[in-house]
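Subject: Structure handover

Hello,

Here is the structure I promised to pass on. Please open it alongside this note; my findings follow below.

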Amino acid sequence: MSEKILLVLNTDPPPRLGRLTGRTRIVHTDASSLAEHLPHADVLLVWDFTSRAVRDAWPGEGPRPRWVHTASAGVDHLMCPELAASDTLVTNARGVFDQPIAEYVAALVLTWAKDLPRTEELQRAHEWRHRETQRVAGTRAVVVGSGPIGQAIAGTLGALGITAALVGRTPRSGIHGPDDLDRLLSRADWVIAAAPLTETTYGMFDARRFGIMQPSARFINVGRGPLVVEDALVEALSRKWIAGAALDVFDREPLPPDDSLWDVPGLVVSPHMSGDTVGWRDELGAQFVELYELWEAGKPLPNVVDKKRGYVPGH
C-alpha cells in the first residue's frame, strides 16, 4: 500500500496530529506553494481557515485530493466551481464551535440587557447612578440558521427564559421557513444571524430587513460577514432603526484599523472570536484525527458538506 500524503494548509501554530505520525506523510504548505503540492496529496486539511488560497489553487481536471477538511464551520472560503463539480469529499468542523458561540451570544444579550458597559463607565467616573435594567426572560429572539450552531444558540437563550424561533432553509417541525422571517423580525427583541453563506443568504440583512425590526431590537452576526450589508447596518444604527448591534464576522477580515466600523455608535466589534475558547485548536486537531482514521479505514465520514448548498444538510 502506497504512503498516503496529508497536505496541511496552515500558518503557525500547526495542528497537533501526533497519532498520524508514521502512518501518513504530513506536508505543510502555505498559500504560495499550495498549487504545487495539491496534485500529489490524498487529503487536504485547511487549517488556515481564513485563507482563500484553495479557490485559486484547486487543480480542476488534474490530479487532486480525494478529501478536503476545513477546520471551520463555514466552507465559502474554499468552495470554487471546480471543487464543487469534482468527486472530492468535503467535510467541516461542525460540533466544535456550537456551544462556545451560543455562550458568546448569550453574553452579549445579558451585557446589553443589564447595561454593563454603562456600569463600567460610571465606575471609572466614581459616579453612583442607580438605573433599571431589562429582564430577558419573556423576550423574543429570532435565530437565522437552523444548524447545530443555531440550535445551540436557541437552546442557550431558552435557558434564560427567552422565546427563540429558529429559521432555516425549509420549514419543518420546530423550524420556520424563509417566508416567516419578516414577520418574526418585526416582533423580535434579539436577532441573531448564524446562517451559512450561500447564494440565498448573501446580503440577506439589508436596509429593508433592518427597517422591519423594532427600534428596541438588537442584532448579532456570528455567521458569515457577507450575510450583512454593512452600510445598511450603519444606517440602521445611526437612524435609530434598531437599538444596537454586534458583529463578530465581517466582509473584510481582519478589519483594517482605519475602517469606520470601529467607531459606529451602538456597534460592538469583535475579531471573529465567538467560537474560540481555550483549547479550541487541540479540539479541532483531535476531531480531524478521528475523521482521518475513519477515512483511512474506508468508513463513512460525518460532517460531509453538500457542495452545491454550501453546508452540511440534515438540520
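How many residues does helix H10 have, and how far does it reach from its first C-alpha to its last? Helix H10 runs over residues 280–296 and has 17 residues. Its reach is 24 Å, close to the 24 Å expected at 1.5 Å a residue. Bear in mind that this is a predicted model.

More on H10. Its buried residues are Trp-280, Leu-284, Gly-285, Gln-287, Phe-288, Val-289, Leu-291, Tyr-292 and Trp-295. After the helix comes Gly-298, with a positive phi near 75 degrees.

Now H9, residues 230–238. Glu-230, Ala-232, Leu-233, Ala-236 and Leu-237 are its buried residues. They sit on the same side of H9 because they cover an arc of only 155 degrees around the axis. Asp-231 and Ser-238, on the other side, are exposed. The cover over the buried residues includes helix H8 (207–212) and strands S9 (218–221), S10 (244–247) and S11 (267–269). Just after H9, Lys-240 has a positive phi of about 60 degrees.

Next, the charged pairs. Side chains of opposite charge can pair when their charged atoms come close. There are 17 salt bridges in the structure. Three of them are worth a look on screen:

- Arg-19 with Glu-293: the closest N and O atoms are 3.1 Å apart. The pair links distant parts of the chain, 274 residues apart. Arg-19 lies in the loop between S1 and strand S2 (25–29), and Glu-293 lies in H10. Glu-293 is partly exposed, at 26% relative accessible area.
- Arg-131 with Asp-115: 3.0 Å, N to O. These two are 16 residues apart. Arg-131 is in the loop between helix H5 (116–124) and strand S6 (140–144), while Asp-115 is in the loop between helix H4 (98–113) and H5. Arg-131 is partly exposed at 26%, and Asp-115 is partly exposed at 27%.
- Asp-182 with Arg-208: 2.8 Å, N to O. Here helix H7 (residues 181–185) is linked to helix H8, with the partners 26 residues apart. Asp-182 is partly exposed at 26%, as is Arg-208 at 45%.

One last item. Arg-19 and Glu-293 also belong to a network of salt bridges that takes in Arg-23 and Glu-296.

Best wishes

Terms used. Residues are numbered from 1 along each chain as its sequence is written. This is a predicted model: local features need pLDDT of at least 70, side-chain atom pairs count only at pLDDT 80 or more; totals for chains, interfaces and linings use all residues. Side-chain values use heavy atoms; hydrogens and water are left out. Buried means under 20% relative accessible area, exposed over 50%, partly exposed in between (1.4 Å probe, protein chains only). Helices (H or I, at least four residues) and strands (E, at least two) are DSSP runs, numbered from the N terminus. The arc is that of the directions from the helix axis to the C-beta atoms. Contact means heavy atoms within 4.5 Å. The expected span of a helix is 1.5 Å times one less than its number of residues. A salt bridge is a side-chain nitrogen of Lys or Arg within 4 Å of a carboxyl oxygen of Asp or Glu.
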